[in-house]
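Dear colleague,

I am passing on a structure that I would like you to look over when you have a moment. The model comes just below, and my notes follow it.

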Amino acid sequence: MRIRHYEIWKPINSGGTANVYLAIDLHDGRQVALKKLKNGMLENPVMREKFIEEANRYLYLNHPNIVKLKDFILEDKEGYLIMEFVDGVNLKNFVEQVGGLPAQNVGLFCMEVLAALAYAHKKEVLHLDIKPANIMLSEKNEIKLIDFGISSDAKKSKKEIMGSPFYMSPEQISGKNIDQRSDIYSVGVTIYELFTGSLPFQSSKTREELYEHIKSSEIPKVKMNFECDREYVNDVNEIITNCTAKNPDNRYQSCEALQYHMLKLIQ
Ligand SMILES: Nc1ncnc2c1ncn2[C@@H]1O[C@H](COP(=O)(O)OP(=O)(O)O)[C@@H](O)[C@H]1O
Ligand SMILES: [Mg+2]
């Protein structure tokens with residue numbers, strides 16, 4: 001199938017809202033990733049606006065750890081984001097294949113994510129959907145942040161509640177005002193998942209029960225996962241705790257503060 005001068009080759013993966021395909025740009029012969037919202041979604045005015053916002057955010061943000069947008073096609077019923085293709089795997093699938101990662105790897109990957117996020121925050125953009133499935137690891141070991149589908153302007157105060165509740169801060173699931181510290185909370189849950197291979201709150205039967213856990217239960221402590229991680233386990237726990245405090249005032253206040261602490265994991 002061809003969309004303008006992009007020949008779709010094969011599906012790569014899908015997320016909650018979109019299917020992503022590997023395609024060839026027939027103008028230059030290069031591989032691209034083509035993101036298309038699932039059937040009918042573009043007809044929903046909120047989703048349509050979010051899709052346009054996602055394209056604009058990619059154009060606004062220019063960072064080596066953020067995937068680049070090459071083209072944007074918007075028609076009545078269909079829309080496509082044409083992105084740099086990251087030849088690799090998202091960290092959710094990666095951690096599913098290999099189990100929990102050693103602390104040093106978690107540290108190295110998260111430092112790159114935080115470089116992208118610190119840059120986005122400086123430009124007043126909140127990602128709001130930080131999780132392993134939205135972080136790509138390339139064959140060349142590069143880390144690229146993807147999926148600005150629910151990202152927001154930091155100056156806009158209240159937000160609709162969107163995204164994956166497992167990674168959302170208490171204030172995000174409550175529809176309260178949010179800022180960069182909500183992204184920092186989600187980095188904390190991401191660190192937990194990368195280190196342990198599982199989510200801190202996962203056994204809830206209903207969404208309400210999960211929300212209750214997020215609002216009131218402490219994130220469980222991680223245990224040593226590799227022999228060599230014995231000396232790092234306390235640091236990992238301290239970092240997760242300082243990212244995921246219920247009250248944003250008790251978290252790291254910036255990505256830089258978290259990066260500074262995280263250096264301990266990779267030295
Ligand atoms: N630029 C890209 N290069 C390679 N794979 C990608 C790219 N963008 C997305 N993917 C893959 O597609 C999946 C879904 O993309 P994503 O943008 O997260 O969609 P959704 O908004 O539905 O969550 C990702 O988890 C990743 O595996
Ligand atoms: Mg996604």
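Across which strands does helix α3 lie, and at about what angle does it run to β10? Helix α3 (residues 103-122) lies across β9 and β10, and runs at about 40° to β10.

Before the rest, a word on conventions. This is a predicted model, in which local features need pLDDT of at least 70 and side-chain atom pairs count only at pLDDT 80 or more, while totals for chains, interfaces and linings use all residues. Residues are numbered from 1 along each chain as its sequence is written, and chains are lettered from A and ligands numbered from 1 in the order in which they are written.

The chain has eight helices and eleven strands, these being DSSP runs numbered from the N terminus (helices H or I, at least four residues; strands E, at least two). Its C-alpha trace spans about 55 × 40 × 35 Å along the principal axes. A compact globule of 267 residues would have a radius of gyration near 18 Å, and the chain, with 18 Å, agrees with that; the radius is taken over C-alpha atoms, and the rule is 2.2 Å times the number of residues to the power 0.38.

The domain assignment divides the chain into domain 1 (2-84) and domain 2 (88-265), with bounds that come from an automatic or database assignment. Their C-alpha centres lie 25 Å apart, and the contact between them takes 13 residues from domain 1 and 19 residues from domain 2, where contact requires C-beta atoms, placed from the backbone, within 7 Å. On the side of domain 1 that touches domain 2, helix α1 (residues 45-60) gives the most, with five residues.

Six strands form an open antiparallel sheet in the order β1-β2-β3-β4-β6-β5 (two strands pair if DSSP finds at least two bridges between them), and its edge strands, β1 (2-3) and β5, each pair on one side only. Helix α1 packs on this sheet, touching β4, β5 and β6, and its direction makes about 155° with that of β5; axes are lines fitted to C-alpha atoms, for helices over the stretch in contact, and angles run from 0 to 180 degrees between N-to-C directions. Within the sheet, β3 and β4 pair over eight bridges, while five bridges join β5 (residues 69-74) to β6, where F72 stands opposite L81. β5 and β6 form a hairpin with four residues between them.

A further open sheet has three strands in the order β7-β9-β10, again with antiparallel pairing. Its edge strands are β7 (88-90) and β10 (143-145), and neighbouring strands are turned by 25° against each other on average, direction ignored. Three bridges join β9 (residues 135-138) to β10, and M136 stands opposite K144 in β10. Helix α2 (residues 91-98) lies across β7 and β9, running at about 90° to β7.

As for the ligand, 22 residues surround ligand 1, the closest being N13, G15, V20, A33 and D147; a residue belongs here if its C-beta atom, placed from the backbone, lies within 6 Å. The largest share of this shell, three residues, comes from β2, and β2 (6-14), β3 (18-25), β4 (30-37) and β6 (79-84) each supply at least two residues. Because domain 1 and domain 2 both give residues to the shell, ligand 1 lies between them.

With best regards

Key. Contact = placed C-beta atoms within 7 Å.
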